[in-house]
Amino acid sequence: MKSSAGKRGDNIRSDCYIEIQLKQSGGIKLDLKSKVDVMYGESIRKLIFEMCDFFNLKDAKMLCEDYGALPFVIAARFELAVKRLFPETKKEFLFPIIKQNNYSTSKDRLRRTRLYLPGNEPKFFINAGLHSPDGIILDLEDSVPPTEKDASQLLVRNALRSVDFYGAERMVRINQLPKGLNDLQFIVPHNVHVILIPNCESAEQVLAVEKEVEKLRKKFNIKNEVYFMPIIESALGVIKAYEIASASKNNCALAIGLEDYTADIGTQRTNEGRESIFARQILVNAARAAGIQPIDTVFSDVAEMEELKQSVLEAKALGFEGKGCIHPRQIPVVHQAFAPTTEEIEKAKKIVLAFEEAGKKGLGVVALGSKMIDPPVVKRAQKTIDLAVLNNILEKNWRKQ
């Protein structure tokens, strides 16, 4: 019996190729080919022999072609090769969760940018957090070929435990339901923050995810909340947007995916976006009515920074709070475009100060000029100020200036 996992070739980096051939006798024979053998060969061999003991492999001929893979990648590739030999095995080889990843999130956390990374490409995982996106999405769905689905589950699981996200929200896009329900066991026990539910078309789909997540949280004694971001990608999903947005208390945002949506309604997607204006307005309204964040689609042309900026400004004008990114260079453009203007900041400051002054006087009614100010307006003003501070447009101690 023989199996393999991983990638090999001249252009491979931060990855490896593992091949295991079972034998009747002779113990473990490992052939390691690595350009960094002098520095890391001993630790690679130690890891592989440790995993042999863990999975009770006694007699096998093994090949490991290393292209600079980190331990969590080698372990994921080796485990997959073993499980392709023995599909019935339930054992998981897990590294401890690094201390940098023991943080939680909140339902109303800022989600201006979310950076998509293919779940089967660990070379993109390592430094993604250094680009300062609000969230990092390890993708198990569209960006992963069907033959790599099992590989991506283990890579994403190990990345959640071993890769420093530098404080970014830890997101995973599962596969379309019902297949995506199987993905949950590989992410829920490992401090995932937000689960993206693709091509969501009903409240029942959200509730199915919620039920499985709660089962896993109980089984693994998970204390942190796990939030959901359903993605609307079809005509039916748009029609049912509010039903989906309000389906679960764990929903934190509602996103739209326009590549599939425009295909579903029989048109072509354009950078101007006229063909999707109805769907985007529906989604914003549904999200706001449900009390969660509306998140815009990705901008697919990574070379057009000015068009990206205009797309973000339009999204902001429609009421969206965030946008998907498919390349790190898009992140600062999106952040800058979502930043409040000077006029918006000045108005927000006046609202917050008026509210605070009324509170000091014990007044139940707050007014700014001839206009009454209610709590939602104050909350929105405070969010504008927080955004301004985050973008270094306003000092934290602005009240003293």
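Predicted model: local features only at pLDDT ≥ 70, side-chain atom pairs only at ≥ 80, totals over all residues.
**Entry 1: aromatic rings**

I started with the phenylalanines and found that Phe54, Phe55, Phe93 and Phe95 form one aromatic cluster. My count of aromatic pairs came to three. I looked up the rings of phenylalanine 54 and phenylalanine 55: the centres are 4.9 Å apart and the planes sit at 85°, so I put the pair down as edge-to-face. Phenylalanine 54 is partly exposed, at 28% relative accessibility, while phenylalanine 55 is buried at 10%.

Phenylalanine 54 also pairs with phenylalanine 93, again edge-to-face, with 5.3 Å from centre to centre and 85° between the planes. I like this one, as it links distant parts of the chain: phenylalanine 54 belongs to helix H1 (residues 37–54), phenylalanine 93 to the loop between H2 and E5, and they are 39 residues apart. Phenylalanine 93 is buried, with a relative accessible area of 6%.

**Entry 2: helix against helix**

Next I checked helix H2 (residues 71–85) and helix H3 (residues 149–162), whose axes come within 9 Å and cross at roughly 145°. The crossing is right-handed. Among the residues making the contact I noted Phe72, Ala76 and Leu80 of H2, and Ala151, Leu155 and Ser162 of H3. By type, the contact residues split into nine nonpolar, five charged and two polar.

Then I went to helix H9 (residues 277–290) and H10, where the axes cross at roughly 50° and come within 10 Å. H9 and H10 are therefore oblique to each other. On the H9 side I listed Ile277, Arg280, Gln281 and Val284, which meet Ser311, Glu314, Ala315 and Leu318 of H10. Here I got four nonpolar, two polar and two charged residues.

**Entry 3: an enclosed helix**

Why is helix H11 (residues 330–338) largely enclosed by the rest of the structure? Seven of its nine residues are buried, so that settled it for me. The buried ones are Gln330, Ile331, Val333, Val334, His335, Ala337 and Phe338. They pack against strand E5 (113–118), helix H10 (305–318), strand E12 (322–325) and helix H13 (375–390).

**Entry 4: serine 300**

Where does serine 300 sit? I found it in the loop between strand E11 (293–298) and H10. Serine 300 is partly exposed, with a relative accessible area of 40%. Ignoring neighbours within four places in sequence, I see serine 300 in contact with Glu259, Arg269 and Ile326. I also checked serine 300 against asparagine 391: they are 91 residues apart in sequence and 24 Å apart in space, C-alpha to C-alpha.

Notes:
Residues numbered from 1 in each chain as written. Heavy atoms only, no water. Buried < 20%, exposed > 50% of the residue type's maximum accessible area, 1.4 Å probe, protein only. Helix = DSSP H or I, 4+ residues; strand = E, 2+ residues; numbered from the N terminus. Contact = heavy atoms within 4.5 Å. Axes fitted to C-alpha atoms, helices over the stretch in contact; angles between N-to-C directions. Left-handed = near helix turned anticlockwise from the far one by under 90°. Nonpolar A, V, L, I, M, F, W, Y, C, P; charged D, E, K, R; others polar. Parallel < 35°, antiparallel > 145°, perpendicular 65-115°, else oblique. Phe/Tyr/Trp six-rings, centres within 6.5 Å; stacked < 30°, edge-to-face > 60°.
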